[in-house]
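Hi everyone, and thanks for coming. Please have a look at the structure on the screen, and then I'll walk you through a few places in it.

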Amino acid sequence: MKDLTILGIESSCDETAAAVVRRDEAGRGHLLSNIIHTQLEEHKAFGGVVPEIAARAHVEILDILIEQAMKDAALSFGALDGIAVTSGPGLVGGLMSGLMTAKAIALVHDLPLVGVNHLEGHALTPGLTDNVQPPYLLLLVSGGHTQILIVKDVGSFERLGTTIDDALGEAFDKTAKLLGLDYPGGPQVEKWAKNGDPKRFAFPRPLKGRPEPHFSYSGLKTAVRRAAKEIEPLSDQDVSDLCASFEAAVVDTIKDRVAIAMRLYREKMQDNGQPALVVAGGVAANQKISQALQKLCDSNNFSLSVPPQQLCTDNAAMIAWAGAQRLARGERDGFGLAAKARWPLDPDAKLALPSNMQGRKGAKA
Ligand code: KG4
Ligand code: ZN
């Protein structure tokens with residue numbers, strides 16, 4: 001198999017990104033350029049992502065970012081072997097901006113086009129950064145997703161658990177908002193928690209001890225709101241203690257849920273060796289969470305792989321890499337490639353909740 005040089009484009013949420021990645025003959029990844037523009041400023045005033053603003057912002061900047069990514073990689077379009085673009089899941093307006101641009105470049109330069117599932121991009125990132133190849137256990141924790149999956153191969157996933165309500169990053173963001181902290185909330189909560197007492201508030205540990213590794217975070221967020229109301233007005237120390245206690249509850253539930261997933265992984269994959277646990281998504285940047293996961297890996301004989309932060313959060317290198325993997329298998333898409341708002345990695349996964357919890361808010365993709 002000859003090497004493949006791929007331009008990746010990402011515009012599914014509030015990051016516009018372009019990157020060039022090379023997959024060499026041995027199947028190893030090389031990052032040639034990686035440009036990310038975050039729309040944080042555009043959305044800050046709204047405390048979350050506004051789809052119309054996001055779509056417009058992608059359109060305005062995408063061509064400049066692509067030009068920069070090609071320049072950084074010192075390549076012309078003629079040197080590429082394909083264009084990979086996020087085609088879902090995400091905000092349709094943003095996805096369409098990326099798709100139109102990718103199709104135009106592919107058409108003009110006669111290059112194959114590959115539509116990539118954004119989640120698969122996150123899931124395959126350790127192959128690019130650390131040469132970690134499937135199978136492995138994946139914890140995907142971002143603003144839109146909280147899932148634990150077995151990555152069996154490119155395009156082959158088994159979902160073991162998911163959130164029954166809020167995504168973990170969303171819980172961080174909402175908690176930050178109700179405490180008057182900036183968006184995105186994760187880094188803020190982490191910062192404030194550093195000076196806080198994690199034992200001051202006894203917040204719930206949702207789903208802890210349940211046999212299926214699902215997650216639930218909306219009750220935890222509500223508990224923080226209630227505790228904050230009771231002691232209003234909040235001093236800086238109160239905010240720090242609330243953040244620290246929230247973070248401690250999150251860490252506790254993650255440890256419990258991932259331990260169960262590790263057991264399931266060994267059973268299902270019949271693996272008695274040292275499999276890898278890969279953590280991807282923006283929340284993987286949280287130090288308390290990654291430290292807890294390192295300990296858990298040490299005691300369960302898993303190796304931990306956390307991609308570097310700029311490749312853990314949304315980026316186009318992961319899209320280019322996943323696209324390269326697909327192209328290497330001879331897969332490509334036609335120009336009819338459409339945006340998909342929902343696109344689960346494991347469409348067969350059922351949310352096998354305990355019977356007393358059925359009927360609650362549906363799980364996300
Ligand atoms: O993967 P990502 O960049 O975007 C998607 O949601 O796809 O993840 C962003 C999320 C936000 O909810 C943000 O608050 C959270 O990741 N996050 C963190 C930290 N840094 C980012 N959460 C906890 N601790 C952090 N240090
Ligand atoms: Zn993402």
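This is a predicted model: local features need pLDDT of at least 70, side-chain atom pairs count only at pLDDT 80 or more; totals for chains, interfaces and linings use all residues.

Residues are numbered from 1 along each chain as its sequence is written, chains are lettered from A and ligands numbered from 1 in the order in which they are written, and side-chain values use heavy atoms, with hydrogens and water left out.

Back to the rings. A search of the whole structure finds 4 aromatic pairs. For the term itself, rings of Phe, Tyr and Trp (its six-membered ring) pair if their centres lie within 6.5 Å; planes under 30 degrees apart are stacked, over 60 edge-to-face, and the rest tilted. How are the rings of phenylalanine 172 and phenylalanine 246 arranged? Their centres are 5.1 Å apart and their planes stand at 90°, so this pair is edge-to-face. Phenylalanine 215 counts as buried at 1% relative accessibility, and tyrosine 217 counts as buried at 0%.

Now for the nonpolar cores. A nonpolar core is a set of buried Ala, Val, Leu, Ile, Met, Phe, Trp, Tyr and Cys residues joined through side-chain atoms within 4.5 Å. In soluble globular proteins, nonpolar side chains tend to be buried together. Which residues have the most contacts inside the largest core? They are Leu137, Leu139, Phe203 and Leu277, in a core of 50 residues. Several elements each supply at least two residues of this core, among them strand E6 (136-141), helix H7 (218-231) and strand E9 (276-280). Helix H8 gives the most, with 16 residues. A second, separate core has 34 residues, including Ile6, Ala19, Leu119 and Met318.

Let's zoom in on phenylalanine 203. Leaving aside neighbours within four places in sequence, phenylalanine 203 is in contact with residues including Leu220, Val224, Leu242 and Phe246; contact means heavy atoms within 4.5 Å. That Phe246 is the one from our edge-to-face pair.

Next, the ligand. Which residues come nearest to ligand 1? Of the 20 residues around ligand 1, the nearest are Gly143, Asp173, Gly186, Glu190 and Gly282; a residue is counted as near if one of its heavy atoms lies within 4 Å. Aspartate 173 has a polar side-chain atom 2.7 Å from an oxygen atom of ligand 1. Glycine 186 uses a polar backbone atom, 2.9 Å from an oxygen atom of the ligand, and a polar backbone atom of glycine 282 is also 2.9 Å from an oxygen atom of ligand 1. Taken alone, ligand 1 exposes 550 Å², and the protein buries 89% of that; these accessible areas come from the Shrake-Rupley method with a 1.4 Å probe.

Now a few spots in the backbone. Where are the cis peptide bonds I'd like you to find? One joins proline 134 and proline 135, with omega about 5°, and proline 135 lies in the loop between helix H4 (118-129) and E6. Another runs from glutamate 232 to proline 233, with omega near -5°, and proline 233 lies in the loop between H7 and H8.

Two residues other than glycine have a positive phi for us to look at: leucine 207, near 70°, and glutamine 270, near 50°. Are they buried or exposed? Leucine 207, in the loop between H6 and H7, is buried, with a relative accessible area of 12%. Glutamine 270, in the loop between H8 and E9, counts as exposed at 69% relative accessibility. Asparagine 272 lies in the loop between H8 and E9 as well, and counts as exposed at 73%.

I'll finish with helix H2 (residues 51-72), where you'll find isoleucine 61. Isoleucine 61 counts as buried, at 19% relative accessibility. Leaving aside neighbours within four places in sequence, isoleucine 61 is in contact with Thr16 and His37.

Key
Buried means under 20% relative accessible area, exposed over 50%, partly exposed in between (1.4 Å probe, protein chains only). Helices (H or I, at least four residues) and strands (E, at least two) are DSSP runs, numbered from the N terminus. A polar contact is a pair of N or O atoms within 3.5 Å; within protein, one must be able to donate a hydrogen and the other to accept it, and residues adjacent in sequence count only if both atoms are side-chain atoms.
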